[in-house]
Amino acid sequence: MANQTFKVAGLTTHNGNTKVRFTDDMVRRIKQFTKGGASRIDLVELPSEMTKVEALQHIATLEMFASPGDQATIADTLADKMKEANKGTVKVKVAKTKAKPSIDAIKARAKKNVSVAQVLAEAGVTTK
């Protein structure tokens with residue numbers, strides 16, 4: 001669905017609710033909205049077939065949708081469509097692992113001779 005493209009996009013208002021609409025057939029959609037009682041039908045032909053996200057980005061730049069209300073409606077719809085588009089995206093985090101030491105490196109480690117008194121002194125315990 002994210003790859004579906006449209007030729008027409010715009011805003012309609014019905015019963016006080018303004019929504020962004022997408023279609024391929026402007027005439028049919030205008031007839032539907034008119035019959036349904038829409039008080040506003042502003043649809044524009046897009047320069048080329050576009051996805052919903054691309055169409056929203058385009059109509060946001062048009063002068064006919066410059067009002068703050070229109071820009072807010074377009075921005076809200078764009079945010080929703082971006083979330084939908086990213087839903088199927090999986091982020092993979094690669095864990096960095098330390099290289100395991102070789103046997104030779106382990107053998108080369110210096111052995112430490114530590115007495116019980118030294119351990120207790122470092123821990124702050126005093127003995128009598």
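## A first look at the chain

Lys 81 is found in helix α3, which spans residues 68-86. At 17% relative accessibility, Lys 81 counts as buried (buried is under 20% relative accessible area, exposed over 50%, and partly exposed in between, with a 1.4 Å probe and protein chains only). Leaving aside residues up to four places away in sequence, Lys 81 touches Lys 52, Val 53 and Leu 56; a contact means heavy atoms within 4.5 Å.

Before going on, a word on where these values come from. This is a predicted model, where local features need pLDDT of at least 70 and side-chain atom pairs count only at pLDDT 80 or more, while totals for chains, interfaces and linings use all residues. Residues are numbered from 1 along each chain as its sequence is written, and side-chain values use heavy atoms, with hydrogens and water left out.

Now for the whole chain. The protein chain has five helices and three strands, and from the N terminus on they run β-β-α-β-α-α-α-α. Helices (H or I, at least four residues) and strands (E, at least two) are DSSP runs, numbered from the N terminus. The radius of gyration is 33 Å, well over the 14 Å that the globule rule gives for 128 residues, so the protein chain is more spread out than a compact globule. That radius is taken over C-alpha atoms, and the rule is 2.2 Å times the number of residues to the power 0.38. The C-alpha atoms fill a box of roughly 100 × 40 × 25 Å along the principal axes. Of the 128 residues, 23% count as buried.

Next come the aromatic rings. The structure holds one aromatic pair: Phe 6 and Phe 22 are tilted, 5.6 Å centre to centre with 40° between the planes. Rings of Phe, Tyr and Trp (its six-membered ring) pair if their centres lie within 6.5 Å; planes under 30 degrees apart count as stacked, over 60 as edge-to-face and the rest as tilted. Phe 6 lies in strand β1 and Phe 22 in strand β2, so the pair ties together parts that are 16 residues apart in sequence.

Here are the two partners side by side.

Finally, have a look at helix α5, residues 116-123. Helix α5 is hardly covered, as the count of buried residues among its eight residues is zero. Gly 124 follows α5 and has a positive phi, near 85°.
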